[in-house]
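Here's a quick briefing for anyone meeting this structure for the first time. Take a look at it, then read on.

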Amino acid sequence: MNDILMPKATAVWLVDNTSMTFEQIADFCGLHPLEVKGIADGEVARDIRGADPITNGQLTREELDAAQRDPNYRMRPQKSRHAELLKPQKKAPRYTPVSRRQDRPDAIAWFVRNHPEVTDVQIAKALGTTKATIDQVRNRTHWNSTNIKPVDPVSLGLVGQLELDALVKKAAEKRAKDDAKRGVAQPEGPSLKSPAEMADEDISLEG
């Protein structure tokens with residue numbers, strides 16, 4: 001099967017504009033010959049407008065002429081710039097500059113201490129690290145454990161603030177849903193007071 005742009009639309013054009021056999025068109029477009037026959041009979045792809053493979057750079061005139069002269073000839077598609085642009089691009093893995101890679105353990109430690117709801121998979125994806133490294137930082141078995149200190153990954157330049165906020169929010173929502181499914185009670189009412197607030201209340205009570 002040839003990886004060409006708009007195979008059915010191309011088949012429609014070839015059926016309408018050439019004398020090629022159904023097998024030749026099917027081979028070039030990556031379709032079944034019966035499907036091409038259906039196009040010719042008006043049973044398939046009725047509403048699809050034909051796409052000229054020569055105009056969009058997927059076929060040369062020489063290849064087309066050779067195929068029309070010889071029913072056994074199989075056309076070879078050209079690499080189309082249009083098709084390359086329309087292909088979904090795979091997201092490249094996060095690249096962390098060498099100068100900042102030594103900061104990743106500090107960022108991992110920050111996540112572990114401040115946001116236990118964020119999973120190891122999410123941390124690894126956000127920081128461009130591995131689960132093994134996260135485990136080492138968490139269990140203090142990392143080779144540089146004595147020098148690792150929790151540091152906000154935003155200040156380290158490893159992630160953006162908006163990205164971090166979205167990550168934490170997503171993790172918190174998932175944790176809440178999981179807790180609800182397990183029947184874990186959610187904290188209600190006012191949150192715990194800080195030591196300073198409690199001291200102020202003690203003073204007011206004494207007065």
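Which residue just after H2 takes a positive phi? That's Gly 30, with a phi of about 75°. What you're looking at is a predicted model, where local features need pLDDT of at least 70, side-chain atom pairs count only at pLDDT 80 or more, and totals for chains, interfaces and linings use all residues. Residues are numbered from 1 along each chain as its sequence is written, and side-chain values use heavy atoms, leaving out hydrogens and water.

**How H1 meets H3**
- Helices here are DSSP runs (H or I, at least four residues), numbered from the N terminus.
- H1 (residues 7–17) packs against H3 (residues 33–40) at an angle of about 60°, and their axes (lines fitted to C-alpha atoms over the stretch in contact) are 10 Å apart.
- On the H1 side, the contact (heavy atoms within 4.5 Å) is made by Lys 8, Ala 11, Val 12 and Val 15.
- H3 brings Glu 35, Val 36, Ile 39 and Ala 40 to the contact.

**H7, mostly covered**
- Eight of the 11 residues in H7 (residues 104–114) are buried.
- Among them are Arg 104, Asp 106, Trp 110 and Phe 111.

Key: Axes are lines fitted to C-alpha atoms, for helices over the stretch in contact, and angles run from 0 to 180 degrees between N-to-C directions. Helices (H or I, at least four residues) and strands (E, at least two) are DSSP runs, numbered from the N terminus. Buried means under 20% relative accessible area, exposed over 50%, partly exposed in between (1.4 Å probe, protein chains only).
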